[in-house]
Amino acid sequence: MTDPRPLTDPRRLTVRAAAKINLHLGVGAPREDGFHPLDTVYQAVSLYDDLTATEADDWSLSTVVDPALGAVELPGPGENIVDKVADLLCSERRGAERSGGVAPAAHVEVSKAIPVAGGMAGGSADAAAAFVALDRLWNLETPDEVLLDLAARLGSDIPFSLIGGTARGVGRGEVVTPVDDDGAWAWVVVPAVGGLSTPAVYRHWDAMFPDASPEPAPAERLLKALASGDPHVLATALHNDLQAAAVDLRPDLGELIAEGEAAGALRGMVSGSGPTCVFLCESAESARAVAGELRASGHTALTAHGPVAGAHVVA
């Protein structure tokens, strides 16, 4: 997360943040606060959003979406999670300086290539990139542990988006511990047309499994599979409790998973709460072949590898 390199231009910098997939997503019955306890293993994969922050006298935010993602609906002015990151950092700065006069000031452009509302934490990636970029641009020098705490306040996936690599998340998913992962895992990512609301998927899961255990399914089997370095072993251990709810809401996702596995993927699954589906392949060559078959049948299919780094400065 911390990047010791000096900025080439202290008035402008670009931070890159990766998409995530959940190799394991165990979900428990809702807690008293309404959140579901999770035991999850995240992996950052090589689909990225780039956020460029430039020094300015006031605050502005614009977003450019990769045409491969199709038509997407984005938050309105002031409602983007990047706006919330800026406000939170300024609030912390006001508290530190005991002053009420600090307001966000920067021009920020987000270049999106992570599927939107697709279960790959694109919004969390943008938030993580904003934390790193604005902290550097404004010379706040916020300690890593404080950034992680601020990130957890805004969203359960954001701390992982800062850390990257492969990591286990517990609590709401926001308490993150890095996991040793020397594998080179090859993936095909297929964004589905139309998003799925994460709260809606959780509500549907609650309705489907009213007697669910308060304890989420543990991740130990997945962690052992990761340690093997063997994609065939990992394929048998992939697990997503939310997949049943997502497929029940969107039966076409089940058909897509079957299609990808028939094309040669070792295993397909819904990514997070969906509707993006991801396919683990034996190798990068195999991933290219699977992606080619899925494209031939009309799908948008992207190849990716993991694990990759968390939010970091690239220019």
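Which residue lies over the face of Tyr-48, and at what distance from the ring centre?

## A charge over a ring

In this predicted model, the residue that lies over the face of Tyr-48 is Arg-16, at 5.4 Å from the ring centre. Another arrangement of this kind involves Arg-172, whose charged end sits over the ring of Phe-35, 4.9 Å from its centre.

## The annotated binding site

The UniProt record, an unreviewed entry, carries the annotation "binding site" for a run of residues that includes Pro-115, Gly-118, Met-120, Gly-122 and Ala-125.

Met-120 has its place in the loop between strand 4, which covers residues 106-112, and helix 2, which covers residues 122-137. Because its relative accessibility is 0%, and buried means under 20%, Met-120 counts as buried. When its neighbours within four places in sequence are left aside, Met-120 is in contact with residues from several parts of the numbering, among them Ala-19, Val-45, Ile-114, Val-189 and Val-278. Gly-122, by contrast with the loop position of Met-120, is found in helix 2. With a relative accessibility of 7%, Gly-122 also counts as buried, and, not counting residues up to four places away in sequence, Gly-122 touches Asp-49, Lys-112 and Ile-114.

## Helix 2

Helix 2 has 16 residues and reaches 22 Å from its first C-alpha to its last, which is close to the 22 Å expected at 1.5 Å a residue. The helix is mostly covered, since 15 of its 16 residues are buried. After helix 2 comes Asn-139, whose phi is positive, near 55°.

## Two aromatic pairs

The structure holds two aromatic pairs. In one of them, the rings of Tyr-42 and Phe-160 have their centres 4.7 Å apart and their planes at 15°, so the pair is stacked. Because Tyr-42 lies in strand 2 (residues 38-54) and Phe-160 in helix 4 (residues 158-163), this pair ties together parts that are 118 residues apart in sequence. Tyr-42 is buried, with a relative accessible area of 1%, and Phe-160 is buried as well, with a relative accessible area of 2%.

Trp-205 and Phe-209 form an aromatic pair that is tilted, with 5.7 Å from centre to centre and 45° between the planes. Trp-205, at 5% relative accessibility, counts as buried, whereas Phe-209, at 34% relative accessibility, counts as partly exposed.

How values were computed
Residues numbered from 1 in each chain as written. Predicted model: local features only at pLDDT ≥ 70, side-chain atom pairs only at ≥ 80, totals over all residues. Heavy atoms only, no water. UniProt positions renumbered as here; feature names shortened; annotations may be inferred. Helix = DSSP H or I, 4+ residues; strand = E, 2+ residues; numbered from the N terminus. Buried < 20%, exposed > 50% of the residue type's maximum accessible area, 1.4 Å probe, protein only. Contact = heavy atoms within 4.5 Å. Expected span 1.5 Å × (residues − 1). Phe/Tyr/Trp six-rings, centres within 6.5 Å; stacked < 30°, edge-to-face > 60°. Lys NZ or Arg CZ within 6 Å of the ring centre and 35° of its normal.
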